[in-house]
Amino acid sequence: MKRRENKYTDQEIVRCFKTGNSSKALNYLYQEVYPKVKCYILANSGTEDDAFDIFQDAVVALSKQISLGRYNEQHELAGFLYSVSRNLWVNKVKRDSRQVRMAEKYEASDSYDYSNDIMTNERARALKSITEKLGEKCFKLLKYSIFLKASSEEIINEMGFATANAVKTQKYKCKQK
């Protein structure tokens, strides 16, 4: 595994997990990603022990995804681990009936927190993938109705539907898609 300024590429880390030689990759992930997860969990009524346990579960989930061949290598590992950790924490909080603030970005005390940037990039890629699958007509309809909050009459005028019921039906089909 090659080192680049004490950093490993996502592909190198995935390769380490696949070959069973993951100790250096794990150390790297704990140094680079764990502080961001810990910051999030501490800011949301958790403890350091909670943060460590949740991150450990996220790493196990990553390892399992890689070993099963389900991990999409186009996604950033840091974003994947942060998302899984956040979801695991939210689920644990729900089970334990604690309060959690759902703020996306928390400043790390010693460095800039890249987690929000990572999550934004992941969301942008996911949205692009979804919109490509939807097709132009569905994307346009959902954009008008959801994002722009256009009325059925405005959508009829913009997209050429015959009736408000046709708009409603097509919007339902697009949401299902």
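**Entry 1: Lys-18**

I started with Lys-18, which is found in helix H1. Helices here are DSSP runs of H or I with at least four residues, strands are runs of E with at least two, and both are numbered from the N terminus. This is a predicted model, where local features need pLDDT of at least 70 and side-chain atom pairs count only at pLDDT 80 or more, while totals for chains, interfaces and linings use all residues. Residues are numbered from 1 along each chain as its sequence is written, and side-chain values use heavy atoms, with hydrogens and water left out.

Is Lys-18 buried or exposed? Lys-18 is exposed, at a relative accessible area of 55%. The cut-offs I used are under 20% relative accessible area for buried, over 50% for exposed and partly exposed in between, with a 1.4 Å probe and protein chains only. I then listed what Lys-18 touches, leaving out residues up to four places away in sequence: Ile-66 and Glu-73. A contact means heavy atoms within 4.5 Å. I also checked Lys-18 against Ser-63: they are 45 residues apart in sequence, with 8.4 Å from C-alpha to C-alpha.

**Entry 2: Overall fold**

I counted nine helices and zero strands. Along the sequence the pattern reads α-α-α-α-α-α-α-α-α. The protein has 177 residues, and 35% of them count as buried. Among contacts with a separation of 6 or more, 56% come from residues 24 or more positions apart.

**Entry 3: Nonpolar cores**

I looked for nonpolar cores, meaning sets of buried Ala, Val, Leu, Ile, Met, Phe, Trp, Tyr and Cys residues joined through side-chain atoms within 4.5 Å. The largest has 29 residues. Ile-13, Leu-29, Phe-55, Leu-62 and Leu-81 have the most contacts inside this core. Which elements give two or more residues to this core? They are H1 (10-19), H2 (23-32), H3 (34-43), H4 (48-67) and H5 (77-96). H5 gives the most, with eight residues.

I followed up Ile-13. Not counting residues up to four places away in sequence, Ile-13 touches Tyr-8, Ala-25, Tyr-28, Leu-29 and Leu-77. There is also a second, separate core of 11 residues, which includes Leu-134, Ile-155, Phe-161 and Val-167.

**Entry 4: Cysteines**

I searched the whole structure for disulfides, taken as pairs of cysteine sulfur atoms within 2.5 Å. The search finds one. Cys-138 is joined to Cys-174, with S to S at 2.1 Å. Why is the disulfide left-handed? The torsion about the S-S bond is about -75°, so the Cys-138 and Cys-174 disulfide is left-handed. The pair links distant parts of the chain, 36 residues apart: Cys-138 lies in helix H7 (residues 136-147) and Cys-174 in helix H9 (residues 164-176).

I checked burial next. Cys-138 is buried at 4% relative accessible area, and Cys-174 is buried at 2%. I also looked up Cys-16, which counts as buried at 5%. Cys-39 is buried at 17%.

**Entry 5: Aromatic rings**

I searched for aromatic pairs: rings of Phe, Tyr and Trp (its six-membered ring) with centres within 6.5 Å, where planes under 30 degrees apart count as stacked, over 60 as edge-to-face and the rest as tilted. The whole structure holds seven such pairs. The ring centres of Tyr-40 and Tyr-82 are 6.0 Å apart and the planes are at 70°, so this pair is edge-to-face. Tyr-40 lies in H3 and Tyr-82 in H5, so the pair ties together parts 42 residues apart in sequence. Tyr-40 is buried at 2% relative accessible area, and Tyr-82 counts as buried at 3%.

Tyr-71 and Phe-80 have ring centres 5.4 Å apart and planes at 85°, so they are edge-to-face. Both Tyr-71 and Phe-80 are buried. Ring pairs also link Tyr-30, Tyr-34, Phe-52 and Phe-55 into a cluster.

I then looked at a charge over a ring, which requires NZ of Lys or CZ of Arg within 6 Å of the ring centre and within 35 degrees of the ring normal. The charged end of Lys-143 sits over the ring of Tyr-144, 5.7 Å from its centre.

**Entry 6: Asn-44**

My last stop was Asn-44, in the loop between H3 and H4. Asn-44 is buried, at 1% relative accessible area. What does the side chain of Asn-44 reach? It reaches the backbone oxygen of Tyr-40 at 2.8 Å.

How values were computed: A polar contact is a pair of N or O atoms within 3.5 Å; within protein, one must be able to donate a hydrogen and the other to accept it, and residues adjacent in sequence count only if both atoms are side-chain atoms.
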